Amino acid sequence: MSTVTESVDVDVPVRTAYNQWTQFEEFPRFMEGVQEIRQLDATHTHWKTEIAGVKREFDAEITEQLPDERVAWKSTEGEKQAGVVTFHRLDDTKTRVTVQMDFDPEGFVENVGDKLGIVDRRVKGDLKRFKEYIEQRGGVETGAWRGEVDRPGV
């Protein structure tokens, strides 16, 4: 398993940053390699990706969701990954968004890419594009889901 952790400070309130992040179907607008995400229900998504010519499809489950604080997920089939994105209020108009992701590279290309730090750079670039995306919208999110998903076993 490999782990990547990256952060970005966005010039929007924590509620706005969190609300936009819950709009999973918008991810292709700022995540390189993500072609499509379909929200299947409140806690399940289906992803289509193409990275370095490798196409993948997988399902993911939201395992924890606390408004304005965190969203955690894990894949349920296909690509093995899990992670959490946290939202930290820096002040009334600024938020730190941190992504921590664990993944299991498959095959030669993914293992080499992992060793070269390509995944780290991709996540860093995705967060930079998220910052640009939400800030260029004037700090107005495209939607919100304010429900909670309790951590398993809680």
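**View 1. A bridge between Asp41 and His44 in the predicted model.** Asp41 has His44 as its bridge partner in E3. The model shown here and in the other views is predicted. Strand E2 covers residues 34-41 and strand E3 covers residues 44-51. The two strands run antiparallel and are joined by six bridges. Together E2 and E3 form a hairpin, with two residues between them.

**View 2. The ring pair of Trp21 and Phe130.** A search of the whole structure finds eleven aromatic pairs. In one of them, the ring centres of Trp21 and Phe130 are 5.0 Å apart and the planes stand at 75 degrees, so this pair is edge-to-face; the cut-off for that class is over 60 degrees. Trp21 belongs to helix H1 (residues 14-21) and Phe130 to helix H3 (residues 118-136), so the pair ties together parts that are 109 residues apart in sequence. Trp21 has a relative accessibility of 5% and counts as buried. Phe130 is also buried, at a relative accessible area of 0%.

**View 3. The ring pair of Phe27 and Phe30.** The centres of the Phe27 and Phe30 rings lie 5.4 Å apart, and their planes are at 55 degrees, so the pair is tilted. Phe27 is buried, with 3% relative accessible area. Phe30 counts as buried at 1% relative accessibility.

**View 4. The aromatic cluster.** Ring pairs link a set of residues into a cluster. Its members are Tyr18, Trp21, Phe24, Phe27, Phe30, Trp47, Phe58, Phe87, Phe130 and Tyr133.

Note on methods:
Residues are numbered from 1 along each chain as its sequence is written. This is a predicted model: local features need pLDDT of at least 70, side-chain atom pairs count only at pLDDT 80 or more; totals for chains, interfaces and linings use all residues. Side-chain values use heavy atoms; hydrogens and water are left out. Rings of Phe, Tyr and Trp (its six-membered ring) pair if their centres lie within 6.5 Å; planes under 30 degrees apart count as stacked, over 60 as edge-to-face and the rest as tilted. Helices (H or I, at least four residues) and strands (E, at least two) are DSSP runs, numbered from the N terminus. Buried means under 20% relative accessible area, exposed over 50%, partly exposed in between (1.4 Å probe, protein chains only). Two strands pair if DSSP finds at least two bridges between them.
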